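Trainee: Could we go through this one together? I'd like to know what stands behind each label.

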Amino acid sequence: MTPEELVAHLQEADASFVERSDIQFGQASIWVPREKWQACAAHLKDCGRCHFDLFTFMSGVDWPEQNEIEVVAHVYSVRRQHHLNMKIRVAREGGTVPTLSEVWRGANWQERECWELYGVEFEGHPHLVKLLLPEAFEGFPLRKDFLLMTREVKEWEGREEPGEPGSSPRPGRVPTAGGAATKAGEH
Amino acid sequence: MFPGGPGEGMEVIVAGEGSLATQEMVLNIGPQHPSTHGVLRVVITLDGERITAAEPVIGYMHRGFEKLAEARDYRQIIALVNRHDWLSAFGNELGVALIVEKMMGLEVPPRAQWIRMLMAEWNRVLNHLMFLGSYGLELGAMTPMFYAFREREDIQELMEAATGGRLHFTYCRVGGLKDDLPKGFLAHSERLVKLVRHRLLDYEGLLLGNEIFKKRTIGVGALPGDVAKDYGVTGPILQASGIAEDSRLTEPYLFYDQVDFDVPTGEKGDSFDRFNVLYRRIQQSLRIIEQVHGKIPAGPVILPKMPKTIKAPEGNYYLRTENSLGECGYYLVSTGDKYPWRLKMRTPSFSNVSMIPHLLPGILVPDLIAVLGSVFFVVGDVDR
């Protein structure tokens, strides 16, 4: 299906699946309401016309101005050869998204990564623990107010990116006292 | 005075009745195990010799590339993405150049596109040779490793002649390439195709036709195709499970629609199939390279009027390329600035490794390395 047909098909299948949609550079994105997130995913996978069987990736995008984090799941259909970005917007503080790990198994790790990097909770996730970061790591590094380590040490003369200097609560320091609290120190 | 005479010897009393009570054992593999190509740790739970659960522990090489990319311009990002999958650096940078060009709507000169294809395929051969050699090594055969490095050295020399790099090429630019090919490059490349193709036969004899190798890999660690797709597994691992999904074929980028090649697939998706697909992918890459040689037109290798600072227009897009180990994609969210607002690196190894908890349970400890090694991955690509 072309991106336009895909969006039209989903609106037809269940009008409440698609809150908003757009097509950029020939790629369709749909914003799904929270209560339909799992149902929409199940439809995308099981419907013979959609047949989204390959779970490509899931991640987040921080939008501090709207105080929201956008969670994006990208799926692809090997048989039908079409792409779709499934998006959902949640509040930066205390935002939760229902898990997709029961629909696509690949979502398990992707959600763990999204959780530790953006602080978005995934409801019903079977094993929501840190994946890439050390256990004791504090803060959500891919949020815009989390400064790069080098910017923390020395302010950047050019653009203050990401986040303005001084706005950061100095997050993300791994306690090093006693040499504990890193992954390497576990065993 | 030796024991063992009539009525002597050790007396064994089996306590209790029924079957013997066993205890599960937790065994830690890595993070420094040679079969992991970096630092991957796998915690496995054993019932006797059989694995009942496996949990990869990743993140030892997490370098925060996605965060860093938000503070770098596109020129710098091309150098940066060279480093996540260090065995297919050109394939990585190609994706970034392509996505920015797609969003800016640039028409890259055909000469540059053909040369990119040539480089991408040589890089794929370089990558696959590494795994071809190291998989043999993991199973106890040392010779293929030496053979693989013999070929790798030649290919690296060739690529160095054009790019100046042996591992991190940084040859792509948004809008084209850094430089044209040096004189005599294509002739050298043609000779090398013949040489590598001839030498590939050595591997066929050493590994694919080897009785010990077959015994250790056939029927071990089979992965059904639908499970693979569910986990987002791509590349040779998915193809070995019988699914001919390859974005060079299904969604051709560059000029892949103008060359002939096949996507080799396996049947059972076991370790042997995965290795066999990898081997046959090299042959297909060589086939593509041969066709590219005759098709490179004359002309510029970079757009003549590129702005000094490159700004991708506002919007978001996901672009995928078939990298050596699978689908390497970039999801770029731009606010129209010279830095990306968000650059998600969708790396093939991450999704492929996430499938390991499914693949390992049920197999025996002696098969562990044969299976783990056949999920070809680079830890830098997993952790980013």
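Mentor: Let's take the labels one by one and set each against its cut-offs.

Mentor: This is a predicted model, where local features need pLDDT of at least 70, side-chain atom pairs count only at pLDDT 80 or more, and totals for chains, interfaces and linings use all residues. Residues are numbered from 1 along each chain as its sequence is written, and chains are lettered from A and ligands numbered from 1 in the order in which they are written.

Trainee: What does the pLDDT say about chain A?

Mentor: pLDDT is the predictor's confidence in each residue, from 0 to 100. Chain A averages 79, and 80% of its residues score at least 70. Over residues 158-187 of chain A the pLDDT is below 50, yet this stretch has 44 contacts in the model beyond near neighbours in sequence. A contact here means two C-beta atoms, placed from the backbone, within 7 Å.

Trainee: How many helices and strands does chain A have?

Mentor: Four helices and seven strands.

Trainee: Why is Phe25(A) called partly exposed?

Mentor: Buried takes 20 or more other C-beta atoms within 10 Å of the residue's own, exposed takes 12 or fewer, and partly exposed is in between, with C-beta atoms placed from the backbone. Phe25(A) has 16 such neighbours, so it counts as partly exposed. Its place is the loop between β1 (20-24) and β2 (27-31) of chain A, and its phi is positive, about 50 degrees, although it is not a glycine.

Trainee: What makes that phi worth a remark?

Mentor: Most residues other than glycine have a negative phi.

Trainee: Why does Gln81(A) count as partly exposed?

Mentor: Gln81(A) has 13 C-beta neighbours inside 10 Å, so it gets the partly exposed label. Gln81(A) is in the loop between β4 (68-76) and β5 (83-91) of chain A, with a positive phi of about 55 degrees.

Trainee: What makes a set of residues a nonpolar core?

Mentor: The members are buried Ala, Val, Leu, Ile, Met, Phe, Trp, Tyr and Cys residues joined through C-beta atoms within 7 Å. The largest such core has 153 residues, and Val75(A), Val96(B), Ile99(B), Leu332(B) and Leu360(B) touch the most other members. Helix α4 (residues 110-138) of chain B gives the largest share, 15 residues. Not counting residues up to four places away in sequence, Val96(B) touches Tyr74(B), Ile77(B), Ile78(B), Val81(B) and Tyr330(B).

Trainee: How do you know that β7(B) and β8(B) pair?

Mentor: Pairing takes at least two DSSP bridges between two strands. Five bridges join β7(B) to β8(B), so they pair, and they run antiparallel. Tyr331(B) stands opposite Lys344(B) in β8(B). The open sheet has three strands in the order β6-β7-β8 (chain B). β6 and β8 of chain B are the edge strands, as each pairs on one side only.

Trainee: Which chain gives 35 residues to the contact?

Mentor: Chain B gives 35 residues, and chain A gives 31. On the side of chain B that touches chain A, β6(B) gives the most, with four residues.

How values were computed: Helix = DSSP H or I, 4+ residues; strand = E, 2+ residues; numbered from the N terminus.
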